[in-house]
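Take a moment to look over the chain before reading on. The paragraphs below lead you from one spot to the next.

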Amino acid sequence: MAFDVARVRGLFPALGDGWVHLDAPAGMQVPEQVATAVSTALRAPVSGPGGIFPASQRAQGIVDAARRAVADLVGGDPAGVVLGPSSAVLLQRLAEVMTDDWFMGDEVLVSRLDHAANIAPWLRATQRTGSAVKWAEIDIETCELPSWQYDDLVTDRTKLIAITAASGVVGTRPDLAKISAVARAHGSLVVVDASSAAPFVPLDIVGMGADVVALSAGQWGGPPVGALVFRDPSVLERLPSVSVDPTARGPERLELGPHAYPMLAGLVASVEYLADLDDAASGTRRERLLTSLGSVKAYQAGLLANLINELRSLRHVMVIGDAMRRVPALAFTIAGVKAEDGVEHLASRGVCAFADPGQHGVFSVLGVGEVGGAIRVGLAHYTNAVEVDDLVRAVAELG
């Protein structure tokens with residue numbers, strides 16, 4: 001494997017601003033090839049699909065290429081790829097059509113680890129249908145999501161389990177295979193939000209046991225578009241259609257209005273970028289993705305371990321969580337320092353980080369708001385050891 005972080009950094013014009021961009025939880029910076037793909041598509045003649053003229057055929061070609069690219073990313077079928085403006089919008093749309101036959105007594109299971117995008121739509125669905133919601137809890141010491149609790153939580157009335165492939169807040173990666181095995185035993189559907197996992201680990205929709213996988217391209221430096229991938233594309237024909245086209249078939253049934261074709265061109269380029277992160281990657285795009293993301297995973301595991309060890313060596317810092325399997329997202333508190341003051345200091349040292357007041361999500365369970373909130377950082381493909389040292393040095397100054 002050959003992951004060359006110096007070469008990767010050269011792909012990002014935005015890094016020329018001189019800041020240490022540890023703001024990956026909000027989405028990575030955009031590679032040059034993605035920006036070029038978007039601008040090229042904006043300049044080219046593109047019309048709506050369905051015509052026999054070149055501009056129309058170009059539009060259809062972009063959509064087809066985007067479905068194939070997303071399918072390669074997760075090991076799915078292009079016929080099961082729904083495209084849209086964001087994963088949050090698509091998950092809300094999915095919740096609306098998938099819960100039409102839910103009744104009082106049915107159940108949906110969500111987790112404290114998940115992003116609101118994969119919680120709020122299902123909570124609204126239970127309010128609309130009279131069904132019940134159950135919560136899978138995290139271990140407050142490690143921020144793990146214990147898979148054993150699903151043995152008790154999942155019943156024959158559980159219609160759906162919504163779960164994340166990785167937390168973009170504390171980095172935890174749940175054991176999806178075990179949880180989905182419990183779901184299958186009870187006939188429950190599994191919807192996995194893989195937005196925070198996709199930039200860092202190889203994905204396999206079958207291996208995860210997911211029925212639907214949600215993705216957000218902005219998380220890996222792509223344009224602001226999202227996708228849903230159905231493991232079984234035939235399911236799309238059984239769901240109510242939201243399309244304004246009464247003849248819509250397959251993934252088009254969950255797509256509303258015309259596509260942003262330049263953004264989809266950028267989506268294709270962003271998946272190609274992921275596939276080429278490792279210089280030694282070869283074979284099909286799916287094979288190159290597996291190799292490259294495996295290399296990214298190995299590189300960032302070392303970088304993250306060093307960052308965690310350095311922060312824990314500072315007596316005034318508490319790193320939140322200690323999950324065994326994780327992506328490079330991290331949160332910590334500083335004794336006697338409010339999170340918003342901490343990130344202001346980091347910004348004065350040229351480091352990008354976020355302050356979270358701790359009132360919602362996983363932090364509310366941990367009581368982080370009572371100690372002034374948490375500072376959130378995330379490593380990106382272009383993060384190097386020097387930038388990790390810059391963060392640690394700036395945090396040390398607050399002791």
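**A walk through the model**

His-381 sits in the loop between strand E13 and helix H14 (385-396). Keep in mind that this is a predicted model. Is His-381 buried or exposed? Its relative accessibility is 0%, so His-381 counts as buried. The cut-off for that word is under 20% relative accessible area.

What does the side chain of His-381 meet there? One partner is the side chain of Tyr-273, in a polar contact of 2.6 Å. Another is the backbone of Pro-199: its oxygen lies 2.7 Å from a polar atom of the His-381 side chain. The list of residues that His-381 touches includes Phe-3, Val-5, Val-8 and Met-28. Phe-200, Leu-274, Leu-277, Val-296 and Gln-300 are also among them. This list leaves out residues up to four places away in sequence.

Now turn to the aromatic rings. How many aromatic pairs does the structure hold? There are four. A pair of rings is described by two things, the distance of the centres and the angle of the planes. Take Phe-12 and Tyr-382. Their ring centres are 4.7 Å apart and their planes stand at 65°, so this pair is edge-to-face. The reasoning needs one cut-off: planes over 60 degrees apart count as edge-to-face.

Trp-102 is in the loop between helix H4 (87-98) and strand E3 (107-111), and Trp-122 is in helix H5 (residues 120-129), so the pair ties together parts that are 20 residues apart in sequence. Trp-102 has 5% relative accessibility and therefore counts as buried. Trp-122 is buried too, at 0% relative accessible area.

Tyr-273, the polar partner of His-381, comes back here. Together with Phe-12 and Tyr-382, Tyr-273 forms one aromatic cluster. A ring can also face a charge. The charged end of Arg-112 sits over the ring of Trp-135, 4.0 Å from the ring centre.

Next come the strands. Strand E13 belongs to an open sheet of four strands, in the order E9-E10-E13-E12, with antiparallel pairing. Which strands form the edges? They are strand E9 (317-319) and strand E12 (354-356), each of which pairs on one side only. Neighbouring strands of this sheet are turned by 35° against each other on average, with direction ignored. Look at one pairing in detail. E12 and strand E13 (residues 374-378) run antiparallel and are joined by three bridges. Asp-356 stands opposite Ala-374 in E13.

Strand E7 (residues 212-216) gives another view.

E7 has two pairings to trace. With strand E6 (residues 189-193), E7 pairs in the parallel sense over three bridges. Asp-193 stands opposite Ala-214 in E7. With strand E8 (residues 226-230), E7 pairs in the antiparallel sense over five bridges. The bridge partner of Leu-215 in E8 is Ala-227.

Two single residues remain. Arg-288 is in helix H11 (residues 285-312). Its relative accessibility is 14%, so Arg-288 counts as buried. Leaving aside neighbours within four places in sequence, Arg-288 is in contact with Glu-272, Ala-275, Asp-276, Ala-281, Ser-282 and Gly-283.

Last, look at Cys-143. Cys-143 is found in the loop between strand E4 (132-136) and helix H6 (150-153). Its relative accessible area is 1%, so Cys-143 is buried. The backbone is what to notice: phi of Cys-143 is near 65°, a positive value in a residue other than glycine. Most residues other than glycine have a negative phi.

Technical notes: Residues are numbered from 1 along each chain as its sequence is written. This is a predicted model: local features need pLDDT of at least 70, side-chain atom pairs count only at pLDDT 80 or more; totals for chains, interfaces and linings use all residues. Side-chain values use heavy atoms; hydrogens and water are left out. Two strands pair if DSSP finds at least two bridges between them. Axes are lines fitted to C-alpha atoms, for helices over the stretch in contact, and angles run from 0 to 180 degrees between N-to-C directions. Buried means under 20% relative accessible area, exposed over 50%, partly exposed in between (1.4 Å probe, protein chains only). A polar contact is a pair of N or O atoms within 3.5 Å; within protein, one must be able to donate a hydrogen and the other to accept it, and residues adjacent in sequence count only if both atoms are side-chain atoms. Contact means heavy atoms within 4.5 Å. Rings of Phe, Tyr and Trp (its six-membered ring) pair if their centres lie within 6.5 Å; planes under 30 degrees apart count as stacked, over 60 as edge-to-face and the rest as tilted. A charge sits over a ring if NZ of Lys or CZ of Arg is within 6 Å of the ring centre and within 35 degrees of the ring normal.
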